[in-house]
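Hi there,

Here is the structure I promised to pass on to you. Please open it next to this email, and then read on for what turned up in it.

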Amino acid sequence: MRQQSLVPPRLIAHRGLSARAPENTLAAVQAAHEAGCRWVELDVQLLGDGTPVIWHDRDVARCSDGRGRLADLDIRQAGRLDAGSWFDVTFAGEPMATLDRMLALIDERELGLNLELKINRGRDPLALVERTLPTLLEALPAERLIVSSFDVTALAHARRQAPAERLPLGALFERVPRDWAARCDAIDAYSVHVDWRRLRASRARDIVQAGHALLCYTANDPTAFAPRWEWGVHGVISDDPTRFAAPRTDPHPS
Ligand code: G3P
Ligand code: MG
């Protein structure tokens with residue numbers, strides 16, 4: 001159910017402003033802020049030594065100059081990676097961001113954070129929650145935080161760390177399952193996050209009617225996306241939210 005204190009964000013920069021800067025880095029969050037974004041979505045995982053870092057993939061090859069699995073690195077090894085050059089030479093030397101360093105930036109810029117607990121194959125959802133949630137709850141108020149995951153074990157464990165008024169949780173779905181309402185109730189979910197291409201109007205209306213915030217990922221074409229605003233969708237997670245103007249009519253007048 002929707003917490004009173006958190007207004008559903010309309011525009012969220014996916015992995016930071018990932019259209020213009022290397023995803024999930026401090027540079028991508030700075031770019032989002034400088035482009036006027038108020039919310040960012042980021043992925044969090046653990047290094048092999050238990051340090052939470054902002055990273056999407058199971059491996060480091062796609063988004064750094066290194067190779068191998070994230071789970072095989074400690075903070076010293078991860079700190080030597082260049083997580084910027086793959087995107088553009090102007091980002092050379094950009095580090096992999098630790099959660100601590102990222103939260104300091106988010107707080108400094110007064111941004112909202114949708115932190116996705118990313119459970120790649122073979123990783124432990126309980127360990128991720130336990131290494132991440134205390135720091136997160138210390139750093140950000142409920143008004144600027146949504147923790148989401150595709151992983152039901154991670155979401156259930158996150159809920160055990162804090163009640164709904166302190167920790168807004170988002171249930172992530174590729175395709176909304178038939179038992180979406182029960183799954184949301186089980187974790188006292190604030191929001192439902194769905195693949196925008198797989199959402200249907202009737203399901204969108206049911207989710208909104210049930211009192212959840214409804215967010216769609218990852219949409220980059222505002223024209224194709226436009227009908228979803230009429231269905232009651234509250235927000236879009238986009239690689240470049242600056243492409244999205246406010247909808248002509250607001251189905252959620254305050
Ligand atoms: O949180 C929405 C979106 O980020 C989920 O997919 O793979 O981009 O993390 P992915
Ligand atoms: Mg994500």
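Let's begin at the start of a helix: Asp 124 caps the N-terminal end of α4, with a side-chain oxygen 2.9 Å from the backbone nitrogen of Leu 126. Do keep in mind that this is a predicted model.

Helix α4 covers residues 125-139, 15 residues in total. From its first C-alpha to its last it reaches 21 Å, close to the 21 Å expected at 1.5 Å a residue. Look for a kink of about 30° at Thr 132, shortly before Pro 134.

Which residues of α4 are buried? They are Pro 125, Leu 128, Val 129, Thr 132, Leu 133, Leu 136 and Leu 137. An α-helix has 3.6 residues a turn, so residues three or four places apart point the same way. Among the elements covering the buried residues of α4 are β2, β4 and α5.

Finally, ligand 1. The residues around it include Glu 41, Asp 43, Glu 116, His 56 and Tyr 217. An oxygen atom of ligand 1 lies 2.8 Å from a side-chain N or O atom of Arg 15; the distance is also 2.8 Å for Glu 116 and for Lys 118.

Happy exploring!

How values were computed: Residues are numbered from 1 along each chain as its sequence is written. Chains are lettered from A and ligands numbered from 1 in the order in which they are written. This is a predicted model: local features need pLDDT of at least 70, side-chain atom pairs count only at pLDDT 80 or more; totals for chains, interfaces and linings use all residues. Side-chain values use heavy atoms; hydrogens and water are left out. Helices (H or I, at least four residues) and strands (E, at least two) are DSSP runs, numbered from the N terminus. The expected span of a helix is 1.5 Å times one less than its number of residues. The bend at a residue is the angle between axes fitted to the seven residues ending there and the seven starting there. Buried means under 20% relative accessible area, exposed over 50%, partly exposed in between (1.4 Å probe, protein chains only). Contact means heavy atoms within 4.5 Å. A polar contact is a pair of N or O atoms within 3.5 Å; within protein, one must be able to donate a hydrogen and the other to accept it, and residues adjacent in sequence count only if both atoms are side-chain atoms. A residue is near a molecule or strand if one of its heavy atoms lies within 4 Å of it.
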